Amino acid sequence: MFPHPRLARHILRLRLVGLTAVTVAVLAACTGSTADAPRPVNAAPSSVAGDTDDFGMPVPTDARYAARVVSLNPTTTELLFALGVDSLLVGRSRWDTFPRAAQRVPAVGDGIRPNVEAIVAVRPTLVLVYATPENRAAVEALARAGIRTMALRVDRLEQWHQMVQRLGIALGVEATAGLVRDSVQRTLDRVRAATASLTERPRVVWPVWDTPPMVIGAGSYLDELLTIAGATNVFHDRAEPSLTVSMEEIVRRAPDRVIVSAQQAAAFRTRPGWQALPAVREGRFVMENPDLTGRPSVTMGMAAVQLAKALHPQLADRLP
Amino acid sequence: MKHRMPSSLTVIGVLGAVLLVLAAILSLAFGAVRFDVDVMFAALAGTATPEAVTIIRDLRAPRVVLAALVGAALAMSGGALQGTMRNPLAEPYLLGVSGGAAVGAVIVMALGASAPLWITGAAFLGAAIATVLVTLLAHLSGARGDTRVLIMAGVVVGAFANAVILVALADAPPDRIRGALWWMMGSAADATWGSVVRTAAALLVLGGAILWRARDLDVLALGTEPAAALGVDVDRVARQLFLIGSWLAAATVAAAGLIGFVGLVVPNIARALGARHHRGMLWVSALLGALLLVLADLLARTVRAPAELPLGAITALIGVPFFLMRLRRSTAS
C-alpha cells in the first residue's frame, strides 16, 4: 500500500467512484476480475421525451422535480455546484467532498447501497444515483416511496456531456448546462489542436491502484484525456474503464512513462513489484493532479491542459 | 422435577414472545433515522409525517419481520439438523448447506437472473446437492456419527462452495461481484414485503413439517438401534428431516444471504433452558432465533449508521466463541 494509505485510498476511492464505482478495491482485488465494458453512447444528445436513464427509467423533461435534490455521486454533486443550483441540494453521499462547499450539505451515507431511510428523511423530490446494479434495490425502494430518481453512469466524455444536458433540463438550467459543456469542450479542443502536430506521442500507463495493479482502459474519460493531451495509453486496446492486470502484462507493454499523482510517485518508487517496470526504476513519472482528474467533471478541460504541459513542456506557451 | 418442565417452557415461551415484541418495537424506532416510540406508532397507524410513514412502514417494518422470520427459520433448521445427526454442533452454515444454497443462487445471478423464484429455486437445489455431498463424504470416511468428521466434511464442502462462487464470478463486472460478496455476508437491507411473504411461506411449510415430525427426532435421539427397535426407519427419517432442514436454510439464504451460527447457538440455548423434547425445543428455538436476529439486525444498522455492518459478521462474532465453548465441552465428554 501507499505510505499514506488513508489519503491514497480516499483519492482513489473518489476516482474509482467516477470510473467503475469500486468503493472497496480490495474486493475487486480478491476476485481478480476485469472491469465491465462501457455501454455504447448515443452520439446525438438525447433529451426529448422518451429518453431514459441508465436504469431504463424515463428522465424528467422539465424541472418539475427540482425542488429538493439528493445527489449520491461525486460527479453529479460537483456538477450541481457548477450549474449554480447547489441551493437545491438537501443531501449528498459522504464521498462527495468537491467542491469544498459541498461538505456543508448534510451527508446521508454511502453512494453505493445507500441508506434509503436516511434519504427519505431529508424529503427529496429527486435523487441522483450512480447507475450500478447494486443501487437497483435502493432505486426501487425510493420509487415505492414516491421519490423520483435518475440513475446515471459516466465513464466517457460523451456520457458526461449527455449527463450535463439531462441534468440541465431536469433542474431547469438548460442554458447554463449548455455554457458549461461548451466551455469544457472548447478547452479540450484547444489542447487537442496544440498536440495534433506532435510527431512523438509517449506511450504511458495510468495506474489507479498498486496492489493488485489496476490501470485505466479505453472505456474511461482519462484515456480520452491522455489522447487529447498527446499521449497513448498502452492499455487503449482494452475496452474497460479500468481493469486489474498482472505486473508482467504492464512490463510487456513497456510504457515510456507512468502517470501518477505527486503523492503516489514516492510509493511507486519504493514498491518492489513496480520496480520491475523500467519507467518506474528510472523515475519517468508524469505528475497529474487528482483534484482535476478525480471525477469526470467541469475540471476535465484543465486536467487536459495540465497533463499536456506535464507530458510536453515545450507546448506550454501554446496551451490555454 | 420432570413434571414441571412443560410449565417452565411455557414461561420461557411467553417471556421470549414479550422480548421479541419489545425488540421489534425498538427495531422500528431505531435506525439511521431515530423516532420517538409514539411517532413510531403513529407512523404505523399512518398518521405521522409522510417520510416517517414511508420509513417505518415500507422500509423498516419488512426488514424487522424478515429478520425475525430468517432467525426463526435458521434456528429451526439448526435444531432439525442437530436432531437428525444427533450432534449439537450441526448447523446449516457449518455443514456447508448454506454455502451450497449460495452457490446455486450466485450461479443463476451470474447468468443474469434476478427473479426471486429463480434464485430461491437454485438455492434449494444447491442446498440439496451440498447435503448429499456432506453426508456422502462423512459416509465414505466410515464415521458418520463422528462430530469431527461431519464438521470437517461440512467445512470442506463450504470451502468448495466458496471456490465455485469465485470461479463463477471471475468474468462478472465488478459491481456484480461486490453485490454477490455483500450478499454472501448476509443482510436484511433489501427486505420487501415480497421477500417477507416468500420466507413466511417457507417457514410455515418447512418449519411446520419439522414440528410435525418432532416426535421422530425424539426417537432418533434415543440412538439408532433403540429407534429401529421402535419401528422407525432411521435412515429414511433422518434423510427426510435433514433435507427439510436444509431447504429451510436455503429459503433464508435466498431472502437474506449467508447468516451463520444462529442455527448452532439458538437450539443449544433452548436445550440449556430446559427444553428436553424436540417439539418444545423447536418452538423455543424459533422464538429465540427471531429475537436474536432482530437484535443483530438492529446492531447492524445502528452501530455505524448510516453505513451498515454485514449481518452474517455480527452473528459470526457471537457464534464462533460459542462454538469453541461448545466444542470443548463435547470433546471433554
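Residues are numbered from 1 along each chain as its sequence is written, and chains are lettered from A and ligands numbered from 1 in the order in which they are written. Because the model is predicted, local features need pLDDT of at least 70 and side-chain atom pairs count only at pLDDT 80 or more, while totals for chains, interfaces and linings use all residues.

Start with strand E10 of chain A, residues 257-261. Helices (H or I, at least four residues) and strands (E, at least two) are DSSP runs, numbered from the N terminus. E10(A) is mostly covered, with five of its five residues buried. Buried means that 20 or more other C-beta atoms lie within 10 Å of the residue's own; 12 or fewer means exposed, and anything in between partly exposed, with C-beta atoms placed from the backbone. In a regular strand the side chains alternate between the two faces of the sheet. Here Arg257(A), Ile259(A) and Ser261(A) point one way, and Val258(A) and Val260(A) point the other way.

E10(A) has pairing partners. Two strands pair if DSSP finds at least two bridges between them. Strand E5 of chain A (residues 203-205) pairs with E10(A) in the parallel sense over two bridges. One bridge joins Val204(A) to Arg257(A). Strand E11 of chain A (residues 285-288) also runs parallel to E10(A), over four bridges. There, Ser261(A) has Glu288(A) as its bridge partner.

Now move to Thr76(A), in helix H3 of chain A (residues 74-82). Why is Thr76(A) counted as buried? Thr76(A) counts as buried because it has 27 C-beta neighbours inside 10 Å. Beyond its neighbours within four places in sequence, Thr76(A) is in contact with Ser71(A), Leu128(A), Leu152(A) and Leu167(A). Contact means that the C-beta atoms of two residues, placed from the backbone, lie within 7 Å.

Next comes the meeting of the chains.

Finish with helix H11 of chain B, residues 234-256. Gly257(B) follows H11(B), with a positive phi near 80°.

Conventions:
The expected span of a helix is 1.5 Å times one less than its number of residues.
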